[in-house]
Amino acid sequence: MRKLTRRFNQLTAKLLDLPQDVVMDLPRITMIGNRQLYIENHRGVLHFSNEVLKLALTTGRVEVYGSELVIRAILTEEVFIEGMIRDIKYIP
């Protein structure tokens with residue numbers, strides 16, 4: 001059933017020319033240089049320190065590594081991070 005729903009959502013996104021992150025509830029990651037990171041469609045913070053941020057996603061998690069990391073803003077499904085970003089990993 002889940003696979004059928006996903007296929008239907010993909011088809012709908014293509015037919016209506018909608019962004020897949022909206023229809024499929026996928027994360028959208030915007031990075032400005034290596035200093036700022038904006039992540040949409042997350043499902044919560046799993047771990048945070050000044051060197052590591054781990055966020056839950058509907059399809060896995062994303063891990064951000066760096067130094068002097070600071071959460072500047074956090075909302076229900078959005079987070080804005082600043083610091084020296086060294087590495088970003090998507091883990092399905």
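This is a predicted model: local features need pLDDT of at least 70, side-chain atom pairs count only at pLDDT 80 or more; totals for chains, interfaces and linings use all residues.
Local features need pLDDT of at least 70 and side-chain atom pairs count only at pLDDT 80 or more, while totals for chains, interfaces and linings use all residues. Residues are numbered from 1 along each chain as its sequence is written, and side-chain values use heavy atoms, with hydrogens and water left out.

Five bridges join β1 to the antiparallel strand β2 (residues 36–40). Ile32 stands opposite Gln36 in β2.

Three salt bridges were found in the whole structure (a side-chain nitrogen of Lys or Arg within 4 Å of a carboxyl oxygen of Asp or Glu). In the pair of Glu77 and Arg43, the closest N and O atoms are 3.4 Å apart. Glu77 lies in the loop between β5 (60–74) and β6 (78–91), and Arg43 in the loop between β2 and β3, 34 residues apart. For Arg61 and Glu63, the closest N and O atoms are 2.7 Å apart. Glu63 is buried, with a relative accessible area of 4%, whereas Arg61 is partly exposed at 31% (buried, under 20%; exposed, over 50%; partly exposed, in between; 1.4 Å probe, protein chains only). Arg72 forms a salt bridge with Glu82, with the closest N and O atoms 2.7 Å apart. Arg72 lies in β5 and Glu82 in β6, so this pair ties together parts 10 residues apart in sequence. Arg72 is exposed at 52%; Glu82 is partly exposed at 21%.

Methods. Two strands pair if DSSP finds at least two bridges between them. Helices (H or I, at least four residues) and strands (E, at least two) are DSSP runs, numbered from the N terminus.
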